[in-house]
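Subject: Structure for your review

Dear colleague,

Please find below the structure that I am handing over to you.

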Amino acid sequence: MDNGSSKVMFSCEESVIDYKVPGLDRIKSEYSTCPNFDIIFQEILDGYCRDHVDFVIRDGYLFCGSHLCLPRTSLRDFLVWEIHAGRLAGHLSRDKTIALVEDRFYWPSLKCDVARIVSQCRTCHLAKATKQNTSLYTPLPVPNTPWRDLTMEFVLGLPKTVRAHDSILVVVDRFSKMAHFIPCSKTVNASLVARLFFREIVRLHGLHVTIVSDRDVRFMSYFWKTL
């Protein structure tokens with residue numbers, strides 16, 4: 001440990017804690033006045049270690065097992081913020097942040113304090129969407145006539161053919177499960193899809209009633225208008 005540097009390394013049993021925290025050595029003088037560790041720290045100094053077998057003092061720092069005990073100061077909040085939202089952190093979830101803090105430090109109210117600090121993180125509130133209430137899935141009506149209720153999907157990312165086709169429009173009849181595979185391009189627009197659909201499907205099977213597709217509303221709107 002180098003008192004002239006902001007880098008402090010603690011070695012306790014087989015665990016090494018390495019942190020660059022300015023003024024970390026000041027916590028030595030805070031143990032005697034901290035309501036969480038004052039009695040423990042003083043009794044260990046006086047030689048009464050029987051009731052505190054999990055605690056040990058090394059180089060003036062109090063450890064619980066291999067975890068550095070932090071007195072009740074602003075240093076707790078500072079270290080939690082560094083672990084949760086520091087330069088190398090990624091605004092982890094509450095549980096992951098608690099696990100990382102528990103791996104290095106100890107104080108009695110650690111979990112509650114970390115949860116409180118993470119809940120105040122504005123970046124997490126803005127970036128992480130909250131769970132939305134959704135209704136139950138509604139099954140599709142069972143078709144009773146062939147080629148009246150269809151599904152339309154696209155298979156993309158295929159090798160380009162001589163005619164510059166690199167995708168397939170797959171149209172399936174929900175009643176008979178019969179399918180048509182229509183070559184097309186991934187840059188095809190709704191108008192061209194409507195022409196392909198009319199030429200390959202409507203020409204053979206007549207006009208349908210419903211189409212199930214994962215395409216967005218605007219695409220389907222243009223498709224229906226053109227068709």
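A residue is called buried when its relative accessible area is under 20%, exposed when it is over 50%, and partly exposed in between, using a 1.4 Å probe and protein chains only. The model is a predicted one, in which local features need pLDDT of at least 70 and side-chain atom pairs count only at pLDDT 80 or more, while totals for chains, interfaces and linings use all residues. Residues are numbered from 1 along each chain as its sequence is written, and side-chain values use heavy atoms, with hydrogens and water left out.

**Overall picture**

The protein has 227 residues, of which 33% count as buried. It contains seven helices and 10 strands; helices (H or I, at least four residues) and strands (E, at least two) are DSSP runs, numbered from the N terminus. Its exposed surface comes to about 15,100 Å², with carbon and sulfur atoms supplying 53%; such areas come from the Shrake-Rupley method with a 1.4 Å probe, and for residues only the protein chains shown count as cover. Among contacts with a separation of 6 or more, 53% join residues 24 or more positions apart, a contact being heavy atoms within 4.5 Å.

**Helix α4 and Ser119**

Helix α4 spans residues 110-119 and includes Ser119. Its buried residues are Leu110, Asp113, Val114, Ile117 and Val118. Viewed down the axis of α4, these fall within an arc of 130 degrees, so they line one face of the helix; the arc is that of the directions from the helix axis to the C-beta atoms. The cover over these buried residues includes α2 (74-85), α3 (94-102) and β6 (105-106). Exposed residues Lys111 and Cys112 are carried on the face turned away from the buried side of α4.

Ser119 itself is partly exposed, with a relative accessible area of 44%. Its side chain reaches the backbone oxygen of Arg116 at 2.6 Å. This is a polar contact, meaning a pair of N or O atoms within 3.5 Å; within protein, one must be able to donate a hydrogen and the other to accept it, and residues adjacent in sequence count only if both atoms are side-chain atoms. Ser119 and Arg94 are separated by 25 residues in sequence, yet their C-alpha atoms are 7.9 Å apart in space.

**Salt bridges**

Side chains of opposite charge can pair when their charged atoms come close. Five salt bridges are found in the whole structure, each being a side-chain nitrogen of Lys or Arg within 4 Å of a carboxyl oxygen of Asp or Glu. One of them joins Arg94 to Asp95 at 3.3 Å, N to O, and Arg94 is partly exposed at 46% relative accessible area. Lys111 meets Glu102 at 3.9 Å, N to O; Glu102 is partly exposed at 30%. Glu200 and Arg199 meet at 3.2 Å, N to O, with Glu200 partly exposed at 24% and Arg199 partly exposed at 45%.

In helix α1 (residues 38-45), the buried residues are Ile40, Phe41 and Ile44. They cover an arc of only 95 degrees around the axis, which puts them on the same side of α1. The buried residues of α1 pack against β3 (55-58) and β4 (61-64). Gly47, which follows α1, has a positive phi near 95 degrees.

Strands β3 and β4 belong to an open sheet of four strands in the order β3-β4-β5-β6, with mixed pairing. Its edge strands are β3 and β6, each pairing on one side only. Two strands pair if DSSP finds at least two bridges between them. β3 and β4 run antiparallel and are joined by four bridges, with Arg58 opposite Tyr61 in β4.

**Strand β8 and its neighbours**

Strand β8 (residues 167-173) has five of its seven residues buried, so it is largely enclosed by the rest of the structure. It pairs with strand β7 (residues 149-155) in the antiparallel sense over six bridges, and Glu153 stands opposite Val170 in β8. The pairing of β8 with strand β9 (residues 179-184) is also antiparallel, over six bridges; there, Ser167 has Cys184 in β9 as its bridge partner. The hairpin of β8 and β9 has five residues between the strands, and Lys177 in this hairpin takes a positive phi near 65 degrees.

Yours sincerely
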